[in-house]
Amino acid sequence: MAAREPSRYLTRALPRASVPSIRPQGFLSRRNVSDEAPARRLSDHLTDLESASSLSTPVTASAAGSFDPLARAAARKNKLPRGRPLLRPRAEQSYETTIAPDIMTLCYVHTPPGFTPPPKAPRLREWDDSSPYHKNRVLRGPRGGDVLRLLRKPIKFNNIPELERITVHSYAISNVRVETSKSKSSVATWGIHAGRDTVAVKADLAGENMYHFLGKLVDVVLPRIKDWEGVKGSSGDSSGNITFGLVPESVALFPEIEINYDMYPPKMIPGCHITLHTSAKTDKDARLLLSALGLPFYGKIVN
């Protein structure tokens with residue numbers, strides 16, 4: 001036993017390369033990948049690259065009209081599979097896994113079997129016949145003004161508010177082809193002719209592009225705006241659509257513009273208006289959804 005101890009400690013002290021291996025060294029028939037495969041993969045990727053830079057040649061009207069990023073992406077050989085969970089935007093995953101169940105829990109109104117809702121009041125009010133002039137008169141309108149507000153339906157599992165699309169009045173940060181708008185009137189001071197000069201562009205985002213834009217807006221752009229309090233609580237069209245604007249200095253914070261800021265003269269970076277279209281029927285529900293997605297509100301809240 002004493003003779004074995006020094007050999008054991010000596011084996012541990014020796015370098016690993018000098019220690020004999022316990023496993024038998026057999027013939028390895030495994031063949032490594034040849035250098036031809038990386039060369040073939042490199043050649044496949046080189047076919048997708050442009051042969052010349054687009055900045056060296058001026059862009060013509062015909063080239064701008066024929067540019068179609070969707071068709072170009074569809075013609076690529078190496079395509080990413082659709083529907084992979086790891087490739088979905090973070091904002092979309094947050095809505096489906098956290099925000100939608102939370103809104104369902106906060107706003108759900110349970111109606112047990114046999115429940116009878118209270119009768120609704122008539123839309124037009126009758127006269128009380130306290131005066132002879134009330135006879136045969138037209139029914140009075142509802143209280144609160146002439147405009148009727150949209151009725152808020154109870155939130156259930158099948159009508160949880162969700163973001164439907166985003167409308168952006170700008171081009172470089174939308175990732176979709178824009179729609180141009182012509183001037184409806186002539187302005188001699190600015191040299192604008194009605195029906196001929198383009199005065200605005202609009203881009204409608206939906207699906208993956210919508211959630212990617214919302215993620216960049218909430219996580220990258222808005223936190224970097226100095227002294228920005230949020231969106232006014234009075235914004236909205238009483239139908240669940242919220243609109244706010246960004247000045248040119250804030251638009252320049254988008255990654256697509258910031259990384260190429262030297263290409264854009266400061267005077268050519270425009271501001272933009274952003275409209276968030278939701279499936280909510282009231283601004284209250286839309287504000288609850290957008291607050292959960294990370295959009296802050298301030299000031300007096302108008303329902």
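Under the criterion that a disulfide is a pair of cysteine sulfur atoms within 2.5 Å, the count comes to 0 disulfides. A disulfide is a covalent bond between the sulfur atoms of two cysteines. C107 counts as buried because its relative accessibility is 14%, and C272 counts as buried at 3%; buried means under 20% relative accessible area, exposed over 50%, and partly exposed in between, with a 1.4 Å probe and protein chains only.

This is a predicted model, in which local features need pLDDT of at least 70 and side-chain atom pairs count only at pLDDT 80 or more, while totals for chains, interfaces and linings use all residues. Residues are numbered from 1 along each chain as its sequence is written, and side-chain values use heavy atoms, with hydrogens and water left out.

**Overall composition**

- The chain holds 9 helices and 7 strands, where helices (H or I, at least four residues) and strands (E, at least two) are DSSP runs numbered from the N terminus.
- Of the 303 residues in the chain, 23% are buried.
- Among contacts in the chain with a separation of 6 or more, 68% involve residues 24 or more positions apart; contact means heavy atoms within 4.5 Å.

**Packing of α5 and α6**

- Two packed helices are described by the angle between their axes and the distance between the axes.
- Helix α5 (residues 90–107) packs against helix α6 (residues 208–221) at an angle of about 95°, and the axes are 7 Å apart.
- The axes are lines fitted to C-alpha atoms, for helices over the stretch in contact, and angles run from 0 to 180 degrees between N-to-C directions.
- α5 and α6 are therefore roughly perpendicular to each other, given that angles under 35 degrees count as roughly parallel, over 145 as roughly antiparallel, 65 to 115 as roughly perpendicular and the rest as oblique.
- On the α5 side the contact is made by R90, A91, E92 and Y95, and on the α6 side by Y211, L214 and D219.
- By class, this contact of α5 with α6 has 4 nonpolar, no polar and 3 charged residues; Ala, Val, Leu, Ile, Met, Phe, Trp, Tyr, Cys and Pro count as nonpolar, Asp, Glu, Lys and Arg as charged, and the others, Gly among them, as polar.

**Largest nonpolar core**

- A nonpolar core is a set of buried Ala, Val, Leu, Ile, Met, Phe, Trp, Tyr and Cys residues joined through side-chain atoms within 4.5 Å.
- The largest such core has 45 residues, of which I166, F213, L217, L246 and I274 touch the most other members.
- Two or more residues of this core come from each of α5, β1 (163–168), β3 (198–205), α6, β5 (241–246), β6 (272–278) and α9 (283–293).
- α6 gives the largest share of this core, 7 residues.
- Leaving aside residues up to four places away in sequence, F213 touches I166, V168, I173, L205, F254 and I274.

**Strand β1 at L163**

- L163 lies in strand β1 and is buried, because its relative accessible area is 6%.
- Not counting residues up to four places away in sequence, the residues touched by L163 are M210, Y211, L214, L276, H277, T278, L289 and L290.
- L163 and Y95 are 68 residues apart along the chain, and their C-alpha atoms are separated by 9.3 Å.

**Helix α9**

- The buried residues of α9 are D283, D285, A286, R287, L289, L290 and L293.
- These buried residues of α9 pack against α5, β1, α6, β5, β6 and β7 (297–298).
- G294 follows α9 and has a positive phi, near 110°.

- Most residues other than glycine have a negative phi, and most peptide bonds are trans.
- N136, which is not a glycine, has a positive phi of about 60°; N136 is in the loop between α5 and β1 and counts as exposed at 74% relative accessibility.
- D227 also has a positive phi, near 55°, in a residue other than glycine; D227 lies in the loop between α6 and β4 (231–232) and is exposed, with a relative accessible area of 79%.
- H134 is in the loop between α5 and β1 and is buried, with a relative accessible area of 14%.
- Not counting residues up to four places away in sequence, H134 touches W127, D128 and D129.
- K300 is in the segment after β7 and is exposed, with a relative accessible area of 69%.
- K300 and G233 are 67 residues apart in sequence and 5.5 Å apart in space, C-alpha to C-alpha.
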